[in-house]
Amino acid sequence: MKITENAIVGLIAVSTNKLRSFLTMLGIVIGVAAVVGTIAIGEGARTLIMTEIEKVGGRTLFVIERSNWIKKDGRWMRNPSREFLELADALAIEELAPSVLEVTPEIITGTPATVGRESRNYMLEATVPTFTESQNWVLDFGRFLSSDDMSNWKKVCVIGSKVWEEMFNKANPIGQEIKLGRERFTVIGVMEEKGNVLGQLDRDREIIVPLTTAQRRFRGNDKVDLFWCKAINYEVADRAVVEATTILKRRHNNEEFFQVHSVKQFLNEINKIILIIKIMLGGTAAIALVVGGIGIMNIMLVSVTERTREIGLRKALGAKKRDILFQFLVEAVILCLVGGAVGILVGFGLGAGLAKIITAIIKGGAWPATISTQSIIMAVGTSSVIGMIFGLYPARKAANLQPVDALRYE
């Protein structure tokens with residue numbers, strides 16, 4: 001028989017006993033739905049993390065910071081080094097590290113901000129004009145910091161959207177003064193709404209000022225807290241870290257007084273965790289698929305018994321052993337594929353439902369359910385393989401029946 005004919009016979013056999021076929025496919029439906037749903041949650045975690053990473057610069061980002069506290073021999077201690085990061089270090093890395101695209105030095109601290117009688121605490125971020133490119137963050141209106149602001153230590157600032165709302169009630173703030181500590185700054189721009197990063201850092205409650213102004217007005221020295229660095233591309237991110245580290249050590253008496261946090265290394269660790277979770281959840285789902293496969297084999301054995309005379313008649317009319325084998329094997333695969341298709345649809349709903357539950361629990365932003373093509377292909381492929389494996393024994397049993405014995409069967 002041709003494949004299409006075998007498929008038609010299989011579909012007729014499945015539709016003839018609808019309830020039995022549904023109960024048989026139920027294990028496959030549950031297994032496939034579990035696979036698709038759990039993978040959707042795992043991929044959703046990856047999507048969520050990538051979205052958050054884009055808020056602070058993207059996959060090529062790595063941060064170099066001079067921490068006041070370091071961990072040594074399993075315990076935290078004050079950093080004993082007298083070396084500090086400086087603006088000149090950032091310029092040296094940009095010039096000498098071929099794998100580094102840009103370096104954005106920053107000072108980050110808290111500050112009280114006052115407008116009229118309204119006073120609130122915000123995060124002060126002192127930086128350079130390349131900040132918007134390094135952070136993937138653009139202006140809503142006004143202008144950003146310029147080289148002239150840096151050279152002349154101008155007391156100007158750019159504010160986040162929530163600062164604009166809370167301190168100026170969304171009235172036009174351009175040209176207005178805001179008092180930061182004891183210094184008065186003029187607002188020159190408002191940043192586009194950015195939102196929270198990883199549910200903790202609220203970027204819209206930041207006030208951005210020129211780095212040189214902060215050094216002169218607040219610090220009284222040339223020290224900076226950290227560098228936001230970007231590699232040329234994701235593939236050379238590790239090399240960029242090595243180059244930047246080497247340059248800094250060379251400039252500071254070969255001391256490694258700083259720490260490096262690479263997004264690429266972070267993603268590698270996250271991917272390992274997600275893979276482990278997916279394997280564990282997928283293993284649990286695989287048990288349901290095996291149970292479903294056993295159900296398929298059981299019902300196919302019943303089907304062979306019920307259709308023994310049909311098999312004998314077909315063999316008597318010239319059907320070959322491989323024709324009978326293929327007919328029942330196709331029927332088993334169809335049962336699994338139909339169950340797999342239903343399972344994929346159920347998996348979509350399961351993934352969306354689990355995502356909503358997780359979102360309600362963590363309360364730190366919407367957790368997405370990402371249905372990947374990979375999970376669908378895996379589900380369909382697994383269903384087909386289970387149909388062939390668990391349908392093979394009943395199909396061979398049918399194919400090995402002798403015509404005379406089959407025709408005598410009552």
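Two rings of Phe, Tyr or Trp count as a pair when their centres lie within 6.5 Å, with the six-membered ring standing for Trp. With that in hand I opened this predicted model and started with the rings.

**Entry 1: aromatic pairs**

I searched the whole structure and got five aromatic pairs.

Next I took F257 and F258. Which kind of pair do F257 and F258 form? Their planes stand at 90 degrees, and planes over 60 degrees apart count as edge-to-face, so that is what this pair is, with 5.2 Å between the ring centres. I then checked how covered each one is, the cut-off for buried being under 20% relative accessible area. F257 has 3%, so I noted F257 as buried. F258 has 5%, so F258 is buried too.

**Entry 2: around F257**

I wanted to know where F257 sits, and found F257 in the loop between α8 and β16 (259–262). Which residues does F257 touch, once neighbours within four places in sequence are left aside? My list reads R66, N79, S81, E83, F84, L85 and H252. S81 is 176 residues away along the chain, yet the C-alpha atoms of F257 and S81 are 6.0 Å apart.

The charged end of R66 sits over the F84 ring, 4.0 Å from the ring centre. K223 also lies over the face of F84, at 3.8 Å from the centre.

**Entry 3: two helices**

Which residues of α8 are buried? I wrote down A237, A240, V241, E243, A244, T245, I247 and L248. Just past the end of α8, N253 has a positive phi of about 55 degrees.

**Entry 4: the partners of β5**

Which way does β5 (residues 100–115) run against β15 (residues 226–231), parallel or antiparallel? The two are antiparallel, joined by six bridges. As a landmark for this pairing, I noted that P105 has F227 of β15 as its bridge partner.

β5 also pairs in the antiparallel sense with β6 (residues 118–127), over nine bridges. Here T114 is bridged to S119 of β6. The hairpin of β5 and β6 has two residues between the strands, and G116 there takes a positive phi near 65 degrees.

I then turned to β9 (residues 177–180), which two bridges join to β5, antiparallel again. In this pairing A113 stands opposite L180 of β9.

Definitions and conventions
Residues numbered from 1 in each chain as written. Predicted model: local features only at pLDDT ≥ 70, side-chain atom pairs only at ≥ 80, totals over all residues. Heavy atoms only, no water. Buried < 20%, exposed > 50% of the residue type's maximum accessible area, 1.4 Å probe, protein only. Helix = DSSP H or I, 4+ residues; strand = E, 2+ residues; numbered from the N terminus. Pairing = 2+ DSSP bridges. Phe/Tyr/Trp six-rings, centres within 6.5 Å; stacked < 30°, edge-to-face > 60°. Lys NZ or Arg CZ within 6 Å of the ring centre and 35° of its normal. Contact = heavy atoms within 4.5 Å.
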